[in-house]
Every structure is written in structure tokens, then in C-alpha cells.
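Here is a short report on one protein model.

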Amino acid sequence: MEEKKTLYTLLVYSENVAGILNQITAVFTRRQVNIESLNVSASSIPGVHKYTITAWSDEDQIEKITKQIEKKIDVVKANYYTDDQLFIREVGMYKLSTPIVLENAEISRIVRRLNARIVEVNPTYCTVMLSSVTEDIQRLFYELDKFGCVLQYTRSGRIALTRSTVEQVSAFLEKQEMLHKQVTSEK
């Protein structure tokens with residue numbers, strides 16, 4: 001029986017080196033696992049970048065992918081998580097037809113009800129932004145789309161923090177530094 005697929009989020013920390021993104025995505029390609037979303041940014045640690053990658057997989061497969069990624073020379077640390085282990089956000093942006101929005105007050109009520117913000121208005125279009133979880137961002141799109149007012153829509157990749165009080169890569173780097181000092185002092 002095939003194991004049920006779960007949406008996993010990988011948090012990968014690496015040195016800021018050209019080509020590392022290609023190496024990371026190649027691991028997914030070789031295992032024929034599609035990446036749902038990908039976000040790359042500087043981390044809280046100077047010189048270290050954080051990759052937030054989501055993919056549907058079973059635990060055995062995602063564990064193998066994580067281990068293969070962690071073997072890459074420029075990768076500092078990689079871990080995988082389920083949604084309940086993370087604080088997650090994405091951003092959705094919606095360009096809406098201003099004339100249609102002005103004709104139908106229900107559109108503004110929907111925007112307010114889902115805690116979205118109108119960030120720009122001009123005679124042609126208005127821009128709405130929502131920071132939330134994927135389901136809320138998609139729900140707002142579907143509700144707005146019923147009115148035929150959506151001119152453009154996009155959503156960002158996931159960003160995530162662990163629910164742990166400690167940044168796991170920081171603890172890992174501290175252990176590595178202590179080991180390095182220990183080895184150096186023994187010489």
C-alpha cells in the first residue's frame with residue numbers, strides 16, 4: 001500500500017555560494033519530487049542563507065532528500081517539518097478592477113473579513129495584499145474571482161519559523177565551533 005503524501009517544509013541553511021540552489025533542486029529532480037514553493041533569503045546569521053522549500057512526499061522520501069541535501073559541501077544544516085511544527089506565512093497580492101470594486105460593496109466586505117489590506121487605489125485598479133496561510137490566500141482569490149474583478153493574482157513562497165525557542169542552525173553552528181576549538185587546542 002502506498003504511503004499517504006504529506007506537505008513537508010524543508011528549512012535548509014547554506015553558505016551564500018553561487019550554484020547551491022541548483023544543487024538543492026537537483027536532489028528533488030532526481031527523486032522525482034515536485035517542489036510546491038521555494039523561498040530563499042538571508043538568515044539571521046551573517047553569510048548564511050535560508051531556503052524554505054515545500055513538497056508533497058512521504059516521510060521516508062523526504063528524509064532521504066533532506067540527508068542528500070545536507071551532504072552538499074556548502075549546506076550548513078537541513079531539516080524537514082510538518083505544518084504543526086512551524087509558524088507559517090505567505091503573501092498574496094491581488095490586482096482588482098476599481099470600477100467593479102466600486103460597483104459591488106460585497107468585495108470590500110470580503111477583503112476586510114479576511115483581514116486583507118488595500119495598499120493602492122487608482123481609477124483603473126486597486127491592489128490588495130494578504131499575509132496569511134496558503135488556504136486563506138487561495139480562499140480570498142476564489143471569493144474575489146466570483147465577481148470577475150481579479151486582473152492579476154500572485155502569491156509568494158512560504159516563509160517559516162520553527163516553534164522551537166532556539167534556531168536549530170545556531171545550536172548546530174555553536175557545536176561545530178566548539179568541536180573546532182577542541183580539535184585545534186589538541187594539536
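The count of salt bridges comes to 9. A salt bridge here is a side-chain nitrogen of Lys or Arg within 4 Å of a carboxyl oxygen of Asp or Glu. Side chains of opposite charge can pair when their charged atoms come close. The model is a predicted one, so local features need pLDDT of at least 70, side-chain atom pairs count only at pLDDT 80 or more, and totals for chains, interfaces and linings use all residues. Residues are numbered from 1 along each chain as its sequence is written, and side-chain values use heavy atoms, with hydrogens and water left out.

| Pair | Distance, N to O |
|---|---|
| K64 and D60 | 3.2 Å |
| E90 and R155 | 2.6 Å |
| R109 and E106 | 3.0 Å |

E90 is buried, at 2% relative accessibility. R155 is partly exposed, at 33%. Buried means under 20% relative accessible area, exposed means over 50%, and partly exposed lies in between (1.4 Å probe, protein chains only).

K64 and D60 both belong to helix α2 (residues 59–70). They are 4 residues apart, about one turn of the helix. K64 is partly exposed at 36% relative accessibility, and D60 is partly exposed at 43%. In helix α4 (residues 105–113), R109 and E106 are 3 residues apart, again about one helical turn. R109 has a relative accessibility of 43% and counts as partly exposed. E106 is partly exposed too, at 29%. An α-helix has 3.6 residues a turn, so residues three or four places apart point the same way.

**Helix α1**

Which residues of helix α1 (residues 20–30) are buried? They are I20, I24, V27 and F28. These four cover an arc of only 95 degrees around the axis, which puts them on the same side of α1. The arc is that of the directions from the helix axis to the C-beta atoms. On the other side of α1, N22, T29 and R30 are exposed.

**Surface patch**

L21, L38 and V40 form a nonpolar patch on the surface. Together they have about 200 Å² of accessible area. Accessible areas come from the Shrake-Rupley method with a 1.4 Å probe; for residues, only the protein chains shown count as cover. Patches are made of residues with over 30% relative accessible area and no salt bridge; like charges are joined within 9 Å, and nonpolar side chains (Val, Leu, Ile, Met, Phe, Trp, Tyr) within 5 Å. V40 lies in strand β2 (residues 35–42). Its relative accessible area is 37%, so V40 is partly exposed.

**Cysteines**

The cut-off used is a pair of cysteine sulfur atoms within 2.5 Å. The cysteine sulfur closest to that of C126 is in C149, at 7.6 Å, which is too far for a bond. Seen from C149, the closest cysteine sulfur is that of C126. C126 is buried, at 4% relative accessibility. C149 is buried as well, at 0%.

**Positive phi in loops**

Q32 is not a glycine, yet its phi is positive, at about 55 degrees. Q32 sits in the loop between α1 and β2. It is exposed, at 75% relative accessibility. N115 also has a positive phi, of about 60 degrees, although it is not a glycine. N115 is in the loop between α4 and β6 (117–121). At 64% relative accessibility, N115 is exposed.

**Confidence**

pLDDT is the predictor's confidence in each residue, from 0 to 100. The protein has a mean pLDDT of 90. Of its residues, 87% reach 70 or more. Where is confidence lowest, and where is it highest? The lowest is helix α6 (residues 168–186), with a mean of 64. The highest is strand β7 (residues 125–132), at 98.

Key: Helix = DSSP H or I, 4+ residues; strand = E, 2+ residues; numbered from the N terminus.
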